[in-house]
Every structure is written in structure tokens, then in C-alpha cells.
Amino acid sequence: MRSTLYLKFTFIYIIFGFLSIFTVATLGSELVTSHLERNVGSELYKEANLIASDYLPAYFTESLSASDVQVQLNGMRTYLDADIWFTDSAGKMIRSSQRISSVVHPLEIENFNPAEVGSSQFLLGNYHNYFQEEMITVIAPVTEGFVTRGYLLIHKPYQYIADAKVNIILIMYMVLLVIYILSFSILFGVHFFVYRPLRKITEAAKQYASGNLEHEIHINTEDEIGYLSASLNYMSSQIRDMNDYEKKFIANVSHDFRSPLTSIKGYVNAMADGTIPVEMYEKYLKIILFETERLTDLTQDLLTLNEFDTKELLLDKNNFDIHEVIRNTAASFEGTCTAKKISIELIFASKTLNVYADKRKIQQVLYNLLDNAIKFSNPDSIVSVETTERFGKIFISVKDSGIGIPKKSLNQIWERFYKTDLSRGKDKKGTGLGLAIVKEIMKAHGENINVISTEGVGSEFIFSLPAQK
Ligand code: ADP
């Protein structure tokens, strides 16, 4: 990983260097050359026109002597470091001023054509083979009284442009070198902001894969990589919680299955080997039946919860009379209530009260709540179920005056398999799954359930349902 990522970036860096040099050498050189040619050409053209219009016309009016013209041309030659030719309109040389290195000028320019420059201001080349080296040539007319009497030609060696170009390209290469060295900092940036955090994330991924979910990624930057590591940290903590939950869940399930099975096995063994005499069978068969019922309930509860977990709970919502459902559910507890001398009081403001919900699921909620209320009530007490209508919602309360729930357990009673220490002795059959199921059903309806309870005084569970549509 280290070598590949580094190699890739180094390779890109080197390619970037080569491309930069190539660009300066081709495009840069081309642009500089054309710029210099245009610049030098137009400067020479301006100079030539200035002399040709301000000074040289006087030669033709005889107010300027040939030697004066010569002095002027010599001055220009030195100033411009160029060859200066002054011809008549047919190209016959009047005066010239030559650089030392230059070849001797012709007496007359053969096939002289001042218009050959065309639309451009200058000519490139060895000007009709009069020069051995390449020159840049400008031609300016000398007019006197609206008549062109002669021409001024300036030939400057092209070498001048080539030298200037070399200097500029050299500067460009130096700037490029500095930029190239500075851009090395991008590699540092990649190292610190991408490569190092990536290595930490890869290490973390390896740790997670090997099962070490405690591993934490310490990257606190406020960028995509920081966000990614925060998400991974969150993910590992979630998986950790899930693993813990799973372990706890399996431990609870095994425990709840094991205890009834152990007692069933014990009694059956005792009956088989004659420890329990036949006349006592009835008593022990009742216990075995009780334990098998507990196992059936537990399995049923687990299946119900599993259904909630695996698929989005599909509700079969309808309008129905909640009072009727409460009455029927309460009736199913008649036997238990009579045995415990508990009476169920139904406090309804109207005969019927319609709600919009899944009837079967709400029946289960009421069953679980009433079951708990009766289970944890003291004998000779009252369990009351009351309905009220407020703000377009129906509130159903199931209230008992039983053992109550300790304050510290109030949040935990909704967890799967949770039982308060107070209730353990009283309720041997409970699975600790009833309220977890209730909570899931309320969540699926988008409604709430709350509990108010005081230890030793009693508990009240209140849930809401939407009124009929
Ligand atoms: P269980 O099947 O054991 O009743 P639940 O999930 O219905 O499981 O309830 C969880 C625990 O909450 C119970 O074991 C009990 O400790 C406590 N609890 C529930 N309802 C009541 C109540 N009405 N009075 C006192 N404690 C209650």
C-alpha cells in the first residue's frame, strides 16, 4: 500500500515536471517568439516612419545635405544596431549606414517592391539574398509634397530576437523550477492529509475484521476523511453494542429455557425411578404443565419480537370500539381475578369509543398490561382501566395498586428480558418480554406509552391511540 500510493503520486509528479518543461519549450517558446517579432517589428517600423516623415523629406527639397543625411543614418545605425538604407523611389541607393559585420550594400535593389511587406509591418528573411544571416526588415516611404520620393529600409539581425528569446525562456525555466519545487508541498499535503489518515483507517478496518471492535480511529479533522473515521467509529460502537446485546439476549434465552427444562427433567426422572409415588403424580404433572406453558409463552413472545425485528411491522389498521376490546380482554382474566380476589374496574365516559389502529395488536397490548397489573397486584385490590379523549386522541390507562416499580428500573422495564428485583419472587412465569412487545407495537403505530409508578403503592401505564377516522 505504502509503495503503490507513493509511487503513483511520485510518478504523477515527475510526469507533471516533464509536461511543464515540454509546454515551456514548445508553446512558451512559440508565444515568446511571435511576441518578440511583433514587438521589435513594430518598434523598428515606428522609428523608420519617424525619420522618414520628419527628417528625410528635407533631402529632396535640398534643405538637407547628403552628409547631414549620412550623419543621421549613422546615428540611427548605432542606436538601433541595424543596417539603414535610404533609396529613391525605384530602389536606387542614395545613402546607407552599415554595421561593421554587414556585407556591402547594393547600389540598387533589384526588383525593388516596397509593397511586398503586405499587411504586416515587417519582413523576415535575408532580404533578397543581400544578407547572409536572417534579418527583420521594415520599409517606410519618404514623401515630399504628397509624392513618394524615396524609401527608408531598416534591417536588424534576427539574432537580436533569438537572444532576447533565450533570455526570456531562461527566466521561464527558472520560475518553472521554483514552482516545481514548491509544488512538492502537494506531496507533503497528500502524505499528511490523505495517506497517514488512510493508513490509520486501514489499520482500524483490519482490527475490526479481526474482531477487535474496541479499536478507535483518532482522526479529528473536519473533512471527508474525518467524517469517514467518525462514521467508522460509530459503526464499530454500534456493532459492539449489538454484539453485547446478542450475548445478553442468548444468555437470557438460554437461562429462561434451561430452568423450566431442568425442573421438568427432574420431576420426570423422579416419576420414572419411583421417587415420586403414583398418588403424587397429579401435583407434579401440574407443575410440569405449568413449566411447559411457560416455555410455550416464551417461544411465542420470542417469535413475536423476531417478527417485529425482521420485517417492518405491517399494521392492519381499522376503526374499532376500544371499549369492547377492553371488556373482552378483561373477561379473559376472570379466572385469575377471582382466584386472587381482584376486581377489574372499567371507567368509560361513553358506551362506545372508536379508535383507528390494528385491533389484534392493541388487544395484545391490553392483554400484556392487564396481565402485569393483575400479576403484581396485592390480593383484594382493584385494577382499573380508564379511557379519556383529549385533543383528538384516545388515552387508555391501566392502573393497579400493587408492588410498584423501583425508580431506577423505570427506564429498563421496556428492555427485553428485564424484570425488576421486586417482581422476581412474585412472578415466576414472566419472561420479561411483555413490555418489549408492547413498546414495539406502540412504536409501529407511531404512538407513545408512559408509566407512572411508586414502589409499594402501584403503577399506571398510559398509552395513546388515534381517534377513529
Ligand atoms: P414479564 O413477562 O416478566 O411481566 P414485562 O416485560 O411485561 O415482563 O415486564 C417487565 C418487568 O416490569 C416485570 O418483570 C416487572 O418487574 C415490571 N413490571 C411490569 N408491569 C408492572 C406492574 N404493573 N407493576 C409492577 N411491576 C411491573
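Is lysine 46 buried, partly exposed or exposed? Select lysine 46: this residue is exposed, with a relative accessible area of 53%. Here buried means under 20% relative accessible area, exposed over 50%, and partly exposed in between (1.4 Å probe, protein chains only).

**Ground rules.** This is a predicted model, where local features need pLDDT of at least 70, side-chain atom pairs count only at pLDDT 80 or more, and totals for chains, interfaces and linings use all residues. Residues are numbered from 1 along each chain as its sequence is written, and side-chain values use heavy atoms, with hydrogens and water left out.

Stop 1: A salt bridge is a side-chain nitrogen of Lys or Arg within 4 Å of a carboxyl oxygen of Asp or Glu. Side chains of opposite charge can pair when their charged atoms come close. Glutamate 43 and lysine 46 are three residues apart in helix H1 (residues 2-54), so about one helical turn separates them. Glutamate 43 is partly exposed, at 42% relative accessible area. Helices (H or I, at least four residues) and strands (E, at least two) are DSSP runs, numbered from the N terminus.

**Stop 2: the whole chain.** Zoom out. The protein chain has 12 helices and 12 strands. Its C-alpha trace spans about 155 × 60 × 35 Å along the principal axes. The radius of gyration is 52 Å, while a compact globule of 469 residues would have one near 23 Å. That radius is taken over C-alpha atoms, and the globule rule is 2.2 Å times the number of residues to the power 0.38. Of the 469 residues, 40% count as buried.

Stop 3: A search of the whole structure finds nine salt bridges. Select arginine 99 and aspartate 83, whose side chains meet in one at 2.9 Å, N to O. Arginine 99 lies in the loop between strand E2 (93-97) and strand E3 (123-125), and aspartate 83 in strand E1 (residues 83-88), so the pair ties together parts that are 16 residues apart in sequence. Both arginine 99 and aspartate 83 are buried.

**Stop 4: arginine 416.** Arginine 416 forms a salt bridge with glutamate 440, with the closest N and O atoms 3.4 Å apart. Arginine 416 sits in the loop between strand E10 (393-400) and helix H11 (421-426), and glutamate 440 in helix H12 (residues 434-445), so the pair ties together parts that are 24 residues apart in sequence. Arginine 416 is buried at 16% relative accessible area. Glutamate 440 counts as buried at 19% relative accessibility.

**Stop 5: the ligand.** Which residues are closest to the ligand? They are Asn372, Asp400, Thr420, Ser423 and Leu435, among 22 residues that surround the ligand (a heavy atom within 4 Å). Next, show the polar contacts (N or O atom pairs within 3.5 Å).

- Lysine 375: a polar side-chain atom lies 3.0 Å from a ligand oxygen atom.
- Aspartate 400: a polar side-chain atom lies 3.0 Å from a ligand nitrogen atom.
- Threonine 431: a backbone N or O atom lies 3.2 Å from a ligand oxygen atom.

The protein covers 98% of the 530 Å² of accessible area that the ligand has on its own (Shrake-Rupley method, 1.4 Å probe).

Terms used
Polar contact = N/O pair within 3.5 Å; in protein donor to acceptor, adjacent residues only side chain to side chain.
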